[in-house]
Amino acid sequence: MGLGVHGVTVALNGRDILHEVSVRFARGEVTAIIGPNGSGKSTLLRCLYGALTPRTGHVTVDGDDLATLSRQQIARRVAVVSQENPATFDFSVHDAVALGRVPHRSGWSGLSRHDLDLMDDALHRTGTTALRHRPLSSLSGGERQRVMVARALVQQPEYLLLDEPTNHLDIRYQLEVLHLVRSLGVTAVVALHDLNLVWRWCDAVVLMSDGQITAVGSPEAVMAPERCRAAFHVEARLMTDGHDGSRLLRFSLPGPP
Amino acid sequence: MNSRPSRVPLLTVAALVALVVSVPWAITLGTADIAVTDVVEVIRSAITGQPARGVPAGTVSIVWDLRLPRVLLAATVGAGLALVGAMMQALVRNPLADPYILGVSSGASVGAAAVMLFNVFGLRTVFGAQAVSVAGFAGACAAMAIVYLLARSGAGVSPQRLVLGGVASSYVFSAITSLLIFLGTPHAAGNVLFWLLGGLGRASWNTLALPVVLYGVVAGYALLRAPWLNALAMGDDLATSVGVPVNRFRRELFLASALLTGVLVALSGAIGFVGLILPHVARLLVGADHRRLLAVAMPLGAVFVIWCDVAARTVAAPQVLPVGVITALVGGPLFVALLIRRTAGAAS
């Protein structure tokens with residue numbers, strides 16, 4: 001059970017971006033993918049919902065090979081919040097969130113009472129109810145991100161993939177988005193830049209560098225200072241918050257202070 | 001702007017009523033004025049199979065053989081161009097796209113010009129009056145194939161390459177058309193120019209079936225796939241993540257819109273602005289959701305072209321103007337007004 005990546009190699013424009021990556025994302029856990037820019041985080045995420053087809057290897061959802069599932073079947077199980085910024089036409093927030101029902105609807109039928117209830121609930125949970133009739137193009141980056149999370153929620157996925165969901169967000173919404181993901185009870189895989197968010201919100205961490213996975217495990221195990229040094233080329237010091245005893249990483253450039 | 005779903009059925013019904021009223025009304029107007037009661041009587045008699053009572057035979061002929069098919073073709077072309085325009089804007093994710101952006105109309109022009117000027121391949125001998133349409137459609141298909149091959153990348157067709165390939169081949173095809181006109185006789189060149197600007201003079205019961213049926217099929221397909229059009233218009237990643245097979249869908253959209261454009265252009269020339277403007281007008285009225293947008297854009301497009309054609313037939317009567325001149329004269333300023341409104345909206 002869970003999302004399985006089995007010996008996956010991905011090539012883009014003739015260059016290998018992922019090299020024989022194998023990893024398992026367990027059901028019920030929130031897993032962070034961390035690593036420097038260009039390490040293959042987004043590429044790995046894109047493989048998990050079939051947006052990229054691996055050159056070798058395969059990806060499984062609860063034991064089913066993604067390659068044998070239709071797009072619609074995949075979309076009923078896996079929802080994605082990507083970094084794409086859609087604003088070309090004046091779609092309203094309502095229109096964007098309704099897209100989450102596309103994999104569950106047949107063509108002619110409009111939105112059912114059930115669909116609308118799910119949408120109300122998702123808008124409420126992401127704090128975007130008041131934005132419902134606004135055009136996407138008038139929203140701030142953070143508002144748009146929350147709308148995209150709402151859209152993913154109405155998809156009712158078993159697995160939720162998020163690519164840098166905290167980008168452009170005020171600190172409050174960064175925490176809220178991760179709190180929301182935590183509270184949903186879905187299996188989530190989140191590419192994250194902010195390592196201190198990982199401590200607080202994730203059960204497991206996958207560390208990537210140069211298209212390979214260099215460590216998998218609990219945040220304590222993977223984010224040890226020496227590993228951060230190797231992966232991100234920074235000095236990392238593990239500290240304890242005197243107030244509530246939670247752990248923090250502090251970073252500095254290597255060399256004399 | 002707010003999208004108000006409750007307005008949609010009302011607007012669609014209003015547009016459809018306007019369409020139903022426009023058809024007989026537009027038939028009464030022309031070089032010979034005909035009473036609307038006569039028009040209704042002729043249509044009634046055709047439907048019931050009984051002879052038309054109290055209508056002169058000449059009037060029956062004008063209504064039934066000339067004006068009714070012409071008005072119906074105008075409606076089909078208007079609705080079809082609005083439909084293809086909306087599909088194309090979602091397909092290449094560009095609000096400035098129109099049905100001709102893929103070079104289909106320029107390809108059709110080469111075919112039509114070649115036949116009108118030089119009776120290429122003896123087509124005129126084989127197909128008679130339909131030769132221009134046949135050649136136009138062949139040219140449209142050739143252009144479609146070239147642009148598709150240019151735009152193929154990896155597993156799918158890329159929107160950027162579709163636009164670039166379409167624009168580039170449009171220039172080449174237009175140059176070839178100009179060359180043909182330059183080499184031809186002045187009289188034939190005048191005919192080609194008239195054809196290029198678009199007109200509905202080729203309408204007849206024989207030529208009506210294909211565009212009507214094809215339009216029906218494509219419109220049904222687009223309405224069925226309206227949620228996918230929304231997803232595609234918002235981005236490939238987003239569309240993929242909500243279960244749209246993006247590459248296959250884009251190929252189907254390309255084929256459907258290019259075929260319909262090819263058939264419409266072959267019969268009526270490249271009538272401009274309808275496909276560009278009507279989707280935007282509909283978006284302003286009911287928002288960007290394609291289910292609502294198409295339900296409003298298609299009947300409005302039909303009404304728009306019917307009345308532009310009435311203007312083309314009556315403004316300089318007995319001279320018939322190319323309908324493309326009217327749609328552009330009306331559509332151009334409308335488009336500028338839209339752009340200004342858009343820019344003002346973005347700045348505020």
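Residues are numbered from 1 along each chain as its sequence is written, and chains are lettered from A, with ligands numbered from 1, in the order in which they are written. As this is a predicted model, local features need pLDDT of at least 70 and side-chain atom pairs count only at pLDDT 80 or more, while totals for chains, interfaces and linings use all residues.

**Exercise 1. Work out how compact chain A is for its 257 residues.**

- Start with the secondary structure: chain A has nine helices and twelve strands (DSSP runs, H or I of at least four residues for helices and E of at least two for strands, numbered from the N terminus).
- Next, take the radius of gyration, over C-alpha atoms, and the globule rule, 2.2 Å times the number of residues to the power 0.38. Chain A comes out at 19 Å, close to the 18 Å from the rule, so it is as compact as a globular protein of that length.
- For the outline, the C-alpha atoms of chain A fill a box of roughly 65 × 45 × 35 Å along the principal axes.

**Exercise 2. Find which residues have the most contacts inside the largest nonpolar core.**

- A nonpolar core is a set of buried Ala, Val, Leu, Ile, Met, Phe, Trp, Tyr and Cys residues joined through C-beta atoms within 7 Å. Buried means 20 or more other C-beta atoms within 10 Å of a residue's own, with C-beta atoms placed from the backbone.
- The largest such core has 193 residues, and Val97(A) and Leu83(B) have the most contacts inside it.
- Helix H3 (residues 57-91) of chain B gives the most to this core, with 19 residues.
- Zoom in on Val97(A): leaving aside neighbours within four places in sequence, its contacts include Met119(A), Leu123(A) and Val154(A).

**Exercise 3. Characterise the side of chain B that touches chain A.**

- 25 residues of chain B are in contact with 29 residues of chain A.
- H10(B) gives the most to the chain B side, with five residues.

Key:
Two residues are in contact if their C-beta atoms, placed from the backbone, lie within 7 Å. Ala, Val, Leu, Ile, Met, Phe, Trp, Tyr, Cys and Pro count as nonpolar, Asp, Glu, Lys and Arg as charged, and the others, Gly among them, as polar. A residue is buried if 20 or more other C-beta atoms lie within 10 Å of its own, exposed if 12 or fewer, and partly exposed in between; C-beta atoms are placed from the backbone.
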